[in-house]
Amino acid sequence: MNAGVNYTALAVLVALFLLVTVMGFWASNWRRSENQESLDEWGLGGRTFGVWITWFLLGGDLYTAYTFVAVPAAMFATGAVAGFFAVPYTIILYPIIFIYMARLWSVSYRHSYVTSADFVRGRYGSRELALAVSVTGILATMPYIALQLVGIQAVLEVVGLGGTGNVFMNDLPLLIAFTLLAAYTYSAGLRAPAMIAFVKDTLIYLVILVAIVYLPSKVGGWAHVFEAARLKMTSVNPATGAPVGVFIPAAQSYWAYATLALGSAMALFMYPHSITATLSSRSRNTIRQNATILPAYSFVLGLLALLGWVAIAAGTKPIGLDGKVNAQLVIPQLFEDYFPGWFAGVAFAAVAIGALVPAAIMSIAAANTFTRNIYREWINPHATHAQETSVSKIVSLLVKGFALVFVLTLDKQNAINFQLLGGIWILQTFPAIVFGLYTRWFHSWGLLAGWAVGMTYGTVTAYNLVNPVTGNHFGGSVAMIPVIGQLGYIALTAFALNALIAAVGTVVLNVVKVPQGRDETTPQCYLADEGDPRVEKRLEHTLPSI
Amino acid sequence: MSPYQSDTGADSPTNKPLMAVAAVLLMIPVVGLLWVGSYAAVEPVVAGFPFFIWYQFMWVFLCSACTAAALRLIRMARPRQTGGRR
């Protein structure tokens, strides 16, 4: 199956890749403003994106190449709980963010916040809490960027590149792709992924709709697909003596399914890249209008998940160039088996370009976070706008370089483990950010204590999960929930503990009257909209805090 | 008194009942999908699709309808702040 290079597919892939590279460089001229020096320009696209650009940008940002590879892979390998939970997750996501993201937009617009840690700094006047939020954001984002590379690698491997020969030649295509991405992200900032997102999303919709209409009929129809999936999932795995996976969750998996969906939905918009895309929008309600139209991507993700089961019926053999079974290759392999070379090339381009958009936004978001909340806060408090922008641009390169080294030198299981941990970690910033959008009741040191406990509990619990077959740590995302006694998503359990500690800590700290920082926001800041006056920094100290 | 008081739309107070209805609309999809026991079943199969699968796909549309309705209500409840300019 993998005998040699599929040249037709490769040619189409390269052509589409060159197209987005040109667009990426050209994007620096797109919607250009006069104030080039501000981090608002490079890092947030000038905060001018309307409903449709934001739709493409957020869609391109949240539904990453890794998602497109990993979700069907999970469906193929272990079934509905590990894979299909992505559907309820990305549906309930929207009512949840509808509630609080507009408030975050308003207060960030009013005070020119670029990151969530900026908000935490302003709301609680606590540089320590802001540091915790920013470090968590950066730590959670890094492996996510690395996994985008894993998405590109999966495509290149099925095309026939990499895997054999010398190390340098293996990784050369990935190196070139990422160097080009780094270059145009450096020059155009957030405008580059915003522009490329149009291509990415169009290709994804096209490829998945074609596949979902065409493939099931080729393998015997939907009824046969589900029957094949049921047979595989209910058969017994000789290594564990348990069923291979889950076809439809039984009662003991209800909590796992629901907590995975809820915890992931609450966590997603705590990631710096989601916040960057949200803050780049023009007005308070852009994100809410998007909450009504973004589910279109969730529908497509659901179809893609089902392709994992289509692959079961098709008898797809996802075998890597090293000869080992790798479920992550299942979708590229399915396309190569059933489609002519040129269309497989389009599909591969959809995945590869699908990796570039989130990788660019994530690196920009991590760079903004470093610049605003570590560089300006702790290293150079008097940084000018121009200095902030240049630091951010350089850090975006470093972040990508780090991700590349991470993927090329370590086993990719490390990236997957860290991304699993990243999801647990990022949810621990939820209390400081989202509770803070509604109330100043929580004490900043109480929130910090809750964060520390949640991070520790989540990390230790995830480490202690050992995969029964391989014996490796970080064997999954679900563990027994104390008190409730059901299997649930570790991140959500850690979050509950975090919130509890923050509340108890607040009461104690208030009793012993521990002082805390000044709140620079007012209740009106949380409702501000486009066109409202922005707070001048020099006025800050004269404002009354309510 | 904050200097910002003037642009919060103090002249058009927030309509609380409408906001409450919007909140309920936003809760419906969350409850519907987190109540896994209500839909973890094969039957009824529609066009080959088990209930578990098509029911969750159906929520994509129901959820969009709920959030769109909630947005309309919020704009009615807070006419000045939400503007509806674009």
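**Notebook: a predicted two-chain model**

I began with the packing between the chains, where H6(A) and helix H2 (residues 51–77) of chain B lie at an angle of about 5° with their axes 9 Å apart. Axes here are lines fitted to C-alpha atoms, for helices over the stretch in contact, and angles run from 0 to 180 degrees between N-to-C directions. H6(A) and H2(B) are therefore roughly parallel, given that angles under 35 degrees count as roughly parallel, over 145 as roughly antiparallel, 65 to 115 as roughly perpendicular and the rest as oblique. I took helices (H or I, at least four residues) and strands (E, at least two) as DSSP runs, numbered from the N terminus.

I noted for myself that this is a predicted model, in which local features need pLDDT of at least 70 and side-chain atom pairs count only at pLDDT 80 or more, while totals for chains, interfaces and linings use all residues. Residues are numbered from 1 along each chain as its sequence is written, and chains are lettered from A and ligands numbered from 1 in the order in which they are written.

Which residues make the contact of H6(A) with H2(B)? From H6(A) I listed Val87(A), Pro88(A), Ile91(A), Tyr94(A), Pro95(A) and Phe98(A), and from H2(B) Gln56(B), Trp59(B), Val60(B), Cys63(B), Cys66(B), Thr67(B) and Ala70(B); two residues are in contact if their C-beta atoms, placed from the backbone, lie within 7 Å. By class, this contact holds 11 nonpolar, 2 polar and no charged residues, where Ala, Val, Leu, Ile, Met, Phe, Trp, Tyr, Cys and Pro count as nonpolar, Asp, Glu, Lys and Arg as charged, and the others, Gly among them, as polar.

I then looked at the whole interface, in which 39 residues of chain A are in contact with 35 residues of chain B. On the chain A side, the elements that give two or more residues are helix H6 (86–111), helix H11 (222–234), helix H12 (254–268), helix H14 (286–293) and helix H15 (295–314). H6(A) gives the largest share, 9 residues, and the chain A side as a whole divides into 25 nonpolar, 10 polar and 4 charged.

**Chain B**

I counted 3 helices and 0 strands in chain B, and 33% of its 86 residues are buried. A residue is buried if 20 or more other C-beta atoms lie within 10 Å of its own, exposed if 12 or fewer, and partly exposed in between, with C-beta atoms placed from the backbone.

The loop between helix H1 (16–34) and H2 of chain B holds Pro44(B), which a cis peptide bond with omega of about -5° joins to Glu43(B). Ala47(B) also lies in the loop between H1 and H2, and its phi is near 50°, a positive value in a residue other than glycine. Most residues other than glycine have a negative phi, and most peptide bonds are trans. Is Ala47(B) buried or exposed? With 8 C-beta neighbours inside 10 Å, Ala47(B) counts as exposed.

**Inside chain A**

I checked H15(A) next and found 17 of its 20 residues buried, so H15(A) is largely enclosed by the rest of the structure. Its end C-alpha atoms are 28 Å apart, which agrees with the 28 Å that 20 residues should span at 1.5 Å a residue, the expected span being 1.5 Å times one less than the number of residues. Just after H15(A), Gly315(A) takes a positive phi of about 70°.

Helix H3 (residues 51–62) and helix H13 (residues 272–279) of chain A pack at an angle of about 175°, with their axes 10 Å apart, and are therefore roughly antiparallel to each other. Leu57(A), Leu58(A), Asp61(A) and Leu62(A) of H3(A) meet His273(A), Ser274(A) and Ala277(A) of H13(A).

In helix H21 (residues 444–464) of chain A, the buried residues include Trp445(A), Trp451(A) and Tyr457(A). The buried residues of H21(A) pack against helix H7 (116–124), H8, helix H19 (412–427), helix H20 (430–438) and helix H22 (490–511) of chain A.

I also looked up Val483(A), in the loop between strand E1 (478–480) and strand E2 (487–489) of chain A, where phi is near 75°; Val483(A) is exposed, with 7 other C-beta atoms within 10 Å.

**Confidence**

Chain A averages a pLDDT of 87, and 95% of the residues score at least 70, pLDDT being the predictor's confidence in each residue, from 0 to 100. Over residues 538–546 of chain A the pLDDT is below 50, and this stretch has 9 contacts in the model beyond near neighbours in sequence.
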